[in-house]
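Trainee: I am new to this structure and would like to know how its terms are applied. Please take me through a few of them.

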Amino acid sequence: GTGTDFDGAVVGIDGSFGKIEVGHTDSVYEDLITDAVDVTNESGLDQASLSDDEDNMLTYYSPEMNGFSFNAQLGMVDEAENAGNAEQSFIASAAYDFGAGAIHVGYDDYGITADSDDQLVGIAAVFTVGLTEVSLAHEMETGADEKDTDYTGIALTYDYGMGSLYGQYQSISVEDGDDQSQYAVGASAEV
């Protein structure tokens with residue numbers, strides 16, 4: 001069937017063809033790549049930059065086809081607020097779920113002018129081993145100064161029944177600067 005969805009920030013339609021949303025939507029790159037190893041969502045670890053504006057998105061989510069799915073997103077950037085950016089940004093991601101795990105790939109062109117090489121490309125793998133989820137990700141960012149930054153991370157989340165124990169390690173390799181290692185650990189509990 002087909003349905004409509006109104007939540008104040010997003011209007012959408014979904015059916016056997018997939019799902020289309022217009023409005024404030026999270027980046028499909030962030031959902032599959034960045035979030036794969038960001039186990040705390042609040043750790044403060046450095047992250048690659050994402051396209052500027054999530055308020056004006058046109059997003060397509062494909063249906064799952066034998067474990068494969070993809071997402072495409074067009075962001076309408078307000079040039080008056082984002083001087084120097086193009087009118088649109090393009091973001092895409094895909095995932096293949098093979099049961100015990102999944103492989104994700106993503107791309108974000110940053111919505112920069114057409115003659116720019118600025119972009120973000122990432123790959124992530126997520127595996128479940130018993131009660132533990134293991135995630136790996138590698139992102140390659142080319143910034144406005146044409147300097148490359150690589151982000152490589154691993155995250156572990158263990159579900160102990162009443163909550164989770166989690167940890168994240170990340171290495172940041174900067175083309176022109178000092179490399180960094182960062183980590184976060186934590187626990188959650190249902191009360």
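Mentor: Rings of Phe, Tyr and Trp (its six-membered ring) pair if their centres lie within 6.5 Å; planes under 30 degrees apart count as stacked, over 60 as edge-to-face and the rest as tilted. Y60, F68 and F70 form one aromatic cluster, and the whole structure has four aromatic pairs. This is a predicted model, where local features need pLDDT of at least 70 and side-chain atom pairs count only at pLDDT 80 or more, while totals for chains, interfaces and linings use all residues. Residues are numbered from 1 along each chain as its sequence is written, and side-chain values use heavy atoms, leaving out hydrogens and water.

Trainee: Why is A94 called buried?

Mentor: Buried means under 20% relative accessible area, exposed over 50%, partly exposed in between (1.4 Å probe, protein chains only). A94 has 14%, so A94 is buried.

Trainee: Which residues does A94 touch?

Mentor: Contact means heavy atoms within 4.5 Å. Leaving aside residues up to four places away in sequence, A94 touches L32, F68, S69, F70, I103, H104 and V105. The C-alpha atoms of A94 and V105 are 5.4 Å apart, with the two residues eleven apart along the chain.

Trainee: What makes β6 and β7 a strand pair?

Mentor: Strands are DSSP runs (E, at least two residues), numbered from the N terminus. Two strands pair if DSSP finds at least two bridges between them. β6 (residues 88-97) holds A94, and β6 and β7 (residues 101-108) have seven bridges in the antiparallel sense. They therefore meet the requirement of at least two bridges.

Terms used: Helices (H or I, at least four residues) and strands (E, at least two) are DSSP runs, numbered from the N terminus.
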